[in-house]
Amino acid sequence: MVLKAFFPTCCVSVDSGLLVGRWVPEHSSAVVLAVLHFPFIPIQVKQLLAQVRQASQVGVAVLGTWCHCRQEPEESLGRFLEGLGAVFPHEPWLQLRRERGGTFWSCAVTHRQAPAAPRAPGEDQVMLIFYDQRQVLLSQLHPPTVLPDRQAGATPASTGGLAAVFDTVARSELLFRSDRFDEGPVRLSHWQSEGVEASILAELARRASGPVCLLLASLLSLVSAVGACRVFRLWPLSFLGSKLSTCEQLRHRLEHLTLIFSTRKAENSAQLMRKANTVASVLLDVALGLTLLSWLHGRSRIGHLADALVPVADVSGLGTASCRLYCLKIHGLSSLWRLFRGKKWNVLRQRVDSCSYDLDQLFIGTLLFTILLFLLPTTALYYLVFTLLRLLVVAVQGLIHLLVDLINSLPLYSLGLRLCRPYRLAAGVKFRVLQHEAGRPLRLLMQINPLPYSRVMHTYRLPSCGCHPKDSWGALCRKLFFGELIYPWRQRGDKQD
């Protein structure tokens, strides 16, 4: 049997002591979390481990002994460490040893209980894996996507073992709150042994965030209640709210602010990451808005912008008028063409039925058809010119809407975390061989593989307000041919003119 022992790199130079960690029997793995140093009282150590187990729901125990020979090896120290197995019984019992100079390592596994089947000599082999405890504690492991030849419920054994290691370190955070400056009865070595990371400003902000979030959440609830009033559902206000994209953005940002200032604690890391991405999106929106206002305020750019928007509005109005006139002629010609064929459109049944017309109806229909047919080239030319200009305006508006939608849905915090601290978003791990000699345990270094940027976007992308074109290219060409108005940025629930 190959036993995997995960040992933190921050403990390779500490004094001798006991190995505190978790044994994972499903994967034959021992996750070492800290080294317990002498002197200590066994009952106090057991009380500390019981508190950690109760708070973290992790089976933390004393896994074995750690011997760091800084000088010549002493037989009394080795016998003393072996005798501790009777005080802290655990199956199996690990014995890690680092020789003087740090070049040679040895690891032994002792089974105090008689095995059910006799073991062959040298059957138990130990693989010593070093890991960065701080990176593993702060990182979030993302399981790989399911392969096509693997069922959705199946999980590789290596992935389950890594998930157990990451979960053990993350849930044992209570064990890392003590450092060498604490005057407690138990002295531990781990990644925060030299001093717990803290900040006065961060502590003050954490204490003040509760009342501030409660006040702002109450204000946002009041605003939401006012917005849901029946007065705003009347025809003029509801019509303006459905046509103006500013109202849609205000509703979207109100949902974001409600999520940010919610007093409910995030249940998992995914919800926490979503809240952080929402905060970054709102801050970017505010920064871009202030930058735009400061740019418009200088050198009378507002007046120049108003002068430039007047011809754009004129072109849009003429384009709408020519579009409606062209659409009216197309529908008139199609109706008169059905008149010549003895057909008519049945409004009730929504189909074309046969119909008999008298001589006067055919004469008037022929006259109107001739007039509309000869006026069609002139109207089509005006329609073509103003529609091309209006399509330019519509394209600019659509690009602006897509840009706003991209800013609203972009996971800025996750991308910044992936850029600055790639180990925080882990896609997996890789191993580098440190030592592979006969008669010595295989020593590996576990390194975190960061999550690819494409998967970061796919995993943490915020829900957008849906400002996407809902029509295909064929539908857009059909609308252009028949003279229908085009609003590619409209929501799916909006009414068409």
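This is a predicted model: local features need pLDDT of at least 70, side-chain atom pairs count only at pLDDT 80 or more; totals for chains, interfaces and linings use all residues.
Q: Helices (H or I, at least four residues) and strands (E, at least two) are DSSP runs, numbered from the N terminus; in which helix does S322 lie?
A: S322 lies in helix α9, which spans residues 301–340. The protein chain has 13 helices and 13 strands.

Q: Why is S322 called buried?
A: The relative accessible area of S322 is 9%. Buried means under 20%, exposed over 50% and partly exposed in between, with a 1.4 Å probe and protein chains only; S322 therefore counts as buried. Of the 497 residues of the protein chain, 33% fall in the buried class.

Q: Which residues does S322 touch, leaving out those up to four places away in sequence?
A: A contact means heavy atoms within 4.5 Å. Under that exclusion, S322 touches Y382, Y383 and F386. S322 and Y382 are 60 residues apart in sequence, while their C-alpha atoms are 6.6 Å apart in space. For the protein chain, 69% of the contacts with a separation of 6 or more join residues 24 or more positions apart.

Q: What makes D167 and R171 a salt bridge?
A: The side chains of D167 and R171 meet at 2.9 Å, N to O. The criterion is a side-chain nitrogen of Lys or Arg within 4 Å of a carboxyl oxygen of Asp or Glu, so the pair qualifies. The two residues are four apart in helix α4 and therefore separated by about one helical turn. D167 is partly exposed at 30% relative accessible area, and R171 is partly exposed at 35%.

Q: How many salt bridges does a search of the whole structure find?
A: The search finds three. One of them joins the side chains of R253 and D285 at 2.9 Å, N to O. This pair links distant parts of the chain, with R253 in helix α7 (residues 245–260) and D285 in helix α8 (residues 269–297), 32 residues apart. R253 has a relative accessible area of 10% and is therefore buried, whereas D285, at 32%, counts as partly exposed. R351 and D353 also meet in a salt bridge, at 2.9 Å, N to O. Here R351 is partly exposed at 39%, and D353, at 17%, is buried.

Q: Which residues have the most contacts inside the largest nonpolar core?
A: A nonpolar core is a set of buried Ala, Val, Leu, Ile, Met, Phe, Trp, Tyr and Cys residues joined through side-chain atoms within 4.5 Å. The largest such set has 39 residues, and those with the most contacts inside it are V31, L33, L36, Y131, V169, L175 and M446. Helix α4 (residues 157–171) gives the most to this core, with five residues. Apart from it lies another core, of 20 residues, including F7, C11, V14 and W23.

Q: Why is the pair of F7 and W105 called edge-to-face?
A: The structure holds ten aromatic pairs. In the pair of F7 and W105, the centres are 6.2 Å apart and the planes stand at 75°. Rings of Phe, Tyr and Trp (its six-membered ring) pair if their centres lie within 6.5 Å, and planes under 30 degrees apart count as stacked, over 60 as edge-to-face and the rest as tilted; the pair is therefore edge-to-face. F7 belongs to strand β1 (residues 2–8) and W105 to strand β6 (residues 105–110), 98 residues apart. Both residues are buried.

Q: What makes the pair of F40 and F88 tilted or stacked?
A: The ring centres of F40 and F88 are 6.2 Å apart and the planes are at 55°, so the pair is tilted. F40 lies in the loop between β3 (29–37) and α1 (42–56), and F88 in the loop between α2 (75–83) and β5 (93–98). F40 and F88 are both buried.

Q: Which residues form a nonpolar patch on the surface?
A: The patch consists of L222, V226, V231, F232, L234 and L237, with about 550 Å² of accessible area together. Patches are made of residues with over 30% relative accessible area and no salt bridge, where like charges are joined within 9 Å and nonpolar side chains (Val, Leu, Ile, Met, Phe, Trp, Tyr) within 5 Å. F232, at 42%, is partly exposed and so passes the area condition. F232 lies in the loop between α5 (200–227) and α6 (235–243).

How values were computed: Residues are numbered from 1 along each chain as its sequence is written. Side-chain values use heavy atoms; hydrogens and water are left out. Accessible areas come from the Shrake-Rupley method with a 1.4 Å probe; for residues, only the protein chains shown count as cover.
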